[in-house]
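Dear colleague,

Please find the structure below, handed over for your files.

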Amino acid sequence: MNKKGVLFDMDGTLINTYENINFKQALSELKTVQKTLILKVLKSRVRSFSEMEQKIREEVEDPQEAQDLIDRIMDFLLDHYDHAPMKNEALTFLHYLKQKNYKICLCTNNATDVVNHILKHKQMTPYFDYVITSQQVTRSKPDPQMYLEALHNVNLKAEECVIFEDTENGVQAAKKCRY
């Protein structure tokens, strides 16, 4: 069967997210956060921004304090992504796919505001026919919900697409689309 679509994860697939993370800055940002809260969030093994946001709201009694922490994390992420380089030839590949009329989707466990900022800042917005984040679904990867929603939106079947992933959770989600 001829392929008609390409679905991408973002972090580690299109962007070198983890190569230049400033751990000193991240730790500095978290100095004022209760260690017990950090441990609870880490122990819950959040897989997406949406899950992290929900866990913070559950654990922090004061809604404004919870929102302030989420905002600080968002600001840190935006700054980090501004300096994170694209993968080699990522834009060239996206341009090629667009010229060949492939449907192109971005399916990421990241936050919608972060993704929109990245797409604009890295000049990727025009390449994607559909973008979906963890904040737009009820279940994040490894659940296939995000990929299934993207396929539905561009009117393609899983067999008609190639999915680019770099994590075990993402690969599991991609494989579950085909059953």
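**The aromatic cluster**

Phe8 is buried, at a relative accessible area of 2%; here buried means under 20% relative accessible area, exposed over 50%, and partly exposed in between (1.4 Å probe, protein chains only). Please note that this is a predicted model, in which local features need pLDDT of at least 70, side-chain atom pairs count only at pLDDT 80 or more, and totals for chains, interfaces and linings use all residues. Residues are numbered from 1 along each chain as its sequence is written, and side-chain values use heavy atoms, with hydrogens and water left out.

The rings of Phe8 and Phe164 have centres 5.1 Å apart and planes at 10 degrees, so this pair is stacked. Rings of Phe, Tyr and Trp (its six-membered ring) are paired if their centres lie within 6.5 Å; planes under 30 degrees apart count as stacked, over 60 as edge-to-face and the rest as tilted. Because Phe8 belongs to strand 1 and Phe164 to strand 4, the pair ties together parts that are 156 residues apart in sequence. Helices (H or I, at least four residues) and strands (E, at least two) are DSSP runs, numbered from the N terminus. Phe164 counts as partly exposed, at 30% relative accessibility.

The structure holds three aromatic pairs. In the pair of Phe8 and Phe93, the ring centres are 6.1 Å apart and the planes stand at 85 degrees, so the pair is edge-to-face. Phe93 lies in helix 5 and Phe8 in strand 1, so this pair ties together parts that are 85 residues apart in sequence. Phe93 is partly exposed, with 33% relative accessibility. Phe8, Phe93 and Phe164 form one aromatic cluster.

Thr13 is found in the loop between strand 1 (5–8) and helix 1 (23–30), and at 17% relative accessibility it counts as buried. Its side chain makes polar contacts with the side chain of Asp9 (3.5 Å) and with the side chain of Asp166 (3.4 Å). A polar contact is a pair of N or O atoms within 3.5 Å; within protein, one must be able to donate a hydrogen and the other to accept it, and residues adjacent in sequence count only if both atoms are side-chain atoms. Leaving aside neighbours within four places in sequence, Thr13 is in contact (heavy atoms within 4.5 Å) with Phe8, Lys87, Phe164, Glu165 and Asp166.

Tyr102 sits in the loop between helix 5 (90–99) and strand 2 (103–108) and is partly exposed, at 23% relative accessibility. Beyond its neighbours within four places in sequence, Tyr102 is in contact with residues including Lys3, Leu97 and Asp129.

**Helix 8**

The buried residues of helix 8 (residues 168–177) are Gly170, Ala173, Ala174 and Cys177. Viewed down the helix axis, these residues fall within an arc of 100 degrees, so they line one face of helix 8; the arc is that of the directions from the helix axis to the C-beta atoms. The face turned away from the buried side carries the exposed residues Glu168 and Lys175. Helix 7 (145–153) and strand 4 (161–164) are among what covers the buried residues of helix 8.

**The chain as a whole**

The protein chain has eight helices and four strands, which run β-α-α-α-α-α-β-α-β-α-β-α from the N terminus on. Of its 179 residues, 45% count as buried. Among contacts between residues at least 6 apart in sequence, 73% join residues at least 24 apart.

With kind regards
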